[in-house]
Amino acid sequence: MTRFPLFVAATVLALPAQAHFGLLLPATSLAETREMPVSIAFLHPWEREGMTMEAPQNVSITFEGETTDLTGSLTSATLFGDQAWEVTVPLPRPGVHVLSLTPTPYWEPDEDVFIQHFTKTYIAAFGGDEGWDAELGLRTEIVPLTRPFALWEGNLFQGIVKRDGAAVPFAEVEVEYFNDSGAGTPSELMITQTVKADQNGVFSYSAPAAGWWGFAALSTAEETLPQDGVEKEIELGAVIWVEFQAWDAK
């Protein structure tokens with residue numbers, strides 16, 4: 001029987017798992033048009049690997065406290081070769097429009113768990129920035145403490161992790177870059193950054209590069225879902241996508 005050296009076995013066991021992220025990706029977070037296409041997917045954003053995504057339970061846009069259901073306007077699409085979705089969102093007036101995604105729970109056999117990521121993205125239309133701290137009252141969500149758009153690369157982003165309306169002390173937050181540039185990394189440990197919230201559920205992260213960055217705070221639902229006749233846990237994710245702009249000192 002072939003035996004691996006102890007240090008090799010330990011290395012294999014220590015390999016980090018790929019992080020999953022729900023995705024709501026507009027063409028830009030700073031809009032100067034009255035409508036905009038938005039990509040909707042479930043994926044590993046750094047590795048540019050998609051996963052088959054069933055039709056979402058809900059996709060909506062909120063403006064000045066009024067929410068419009070866009071679920072019926074979704075069209076089928078592909079992203080990185082896997083099933084995804086698209087929708088064109090209306091941006092009729094200046095101000096902050098908040099996109100929200102409630103996906104159908106995704107069964108992940110490698111982790112023996114269902115995954116459901118409640119995802120948000122903010123779009124500032126025509127220079128308006130009122131209402132950027134809007135809280136949607138999702139089952140779990142990240143509420144921004146930093147304006148979640150018009151940020152330079154290197155700026156500090158802060159948010160509060162909430163579950164059922166209450167702050168989550170010491171929540172662990174995974175951070176990943178939507179790697180459309182094909183950036184490399186010296187270590188797999190660099191792919192998913194990890195930060196921890198303080199006792200008030202507040203976390204901070206300074207993005208090192210321009211582009212879209214996803215923040216995901218995970219928790220476990222009280223209820224379960226059946227899979228092959230066995231009840232399985234549901235991983236709930238509070239996800240927010242934030243765009244950082246390239247610094248131009250000219």
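Analyst: Let's go from the whole chain down to single residues. This is a predicted model, so local features need pLDDT of at least 70 and side-chain atom pairs count only at pLDDT 80 or more, while totals for chains, interfaces and linings use all residues. Residues are numbered from 1 along each chain as its sequence is written, and side-chain values use heavy atoms, with hydrogens and water left out.

User: What does the radius of gyration tell me about the chain?

Analyst: The radius of gyration is taken over C-alpha atoms, and the globule rule is 2.2 Å times the number of residues to the power 0.38. For 250 residues, a compact globule would come out near 18 Å, and the chain has 19 Å, which agrees. Along the principal axes, the C-alpha atoms fill a box of roughly 70 × 50 × 40 Å.

User: What share of the residues is buried?

Analyst: Buried means under 20% relative accessible area, exposed means over 50%, and partly exposed is in between (1.4 Å probe, protein chains only). In this chain, 46% of the 250 residues are buried.

User: How do I read contacts, and what share of them joins residues at least 24 apart?

Analyst: Contact means heavy atoms within 4.5 Å. Among contacts in the chain between residues at least 6 apart in sequence, 66% join residues at least 24 apart.

User: Which side chain makes a polar contact with the side chain of H20?

Analyst: A polar contact is a pair of N or O atoms within 3.5 Å; within protein, one must be able to donate a hydrogen and the other to accept it, and residues adjacent in sequence count only if both atoms are side-chain atoms. For H20, the partner is the side chain of E108, at 3.0 Å.

User: What about E243: where is it, and what does its side chain pair with?

Analyst: E243 sits in strand β20 (residues 230–245). With 10% relative accessibility, E243 counts as buried. Its side chain has a polar contact of 2.6 Å with the side chain of S29, and another of 3.3 Å with the side chain of Q245. Leaving out residues up to four places away in sequence, E243 touches several residues, among them T28, L30 and W212.

User: Where is D112, and which residues is it in contact with?

Analyst: Look in the loop between β10 (106–108) and β11 (113–125) for D112. D112 is partly exposed, because its relative accessible area is 41%. Leaving aside neighbours within four places in sequence, D112 is in contact with W107 and K232. The side chains of D112 and K232 make a polar contact of 2.9 Å.

User: How does G159 look in terms of accessibility?

Analyst: G159 is in strand β14 and counts as buried, at 0% relative accessibility. G159 and I142 are 17 residues apart along the chain, and their C-alpha atoms are separated by 6.0 Å.

User: Which residues have a positive phi although they are not glycines?

Analyst: Most residues other than glycine have a negative phi. In this model, D164 has a positive phi of about 55°, and F170 has one of about 60°. D164 is in the loop between β14 (156–163) and β15 (166–167), and its 52% relative accessibility makes it exposed. F170 is in the loop between β15 and β16 (172–177), where its 48% relative accessibility makes it partly exposed.

User: Last one: which backbone nitrogen lies 3.0 Å from a polar atom of the side chain of T71?

Analyst: That is the backbone nitrogen of V59. T71 itself is in the loop between β6 (66–69) and β7 (75–79). Beyond residues up to four places away in sequence, T71 touches P56, Q57, N58 and V59. T71 and P56 are 15 residues apart in sequence and 7.5 Å apart in space, C-alpha to C-alpha.

How values were computed: Helix = DSSP H or I, 4+ residues; strand = E, 2+ residues; numbered from the N terminus.
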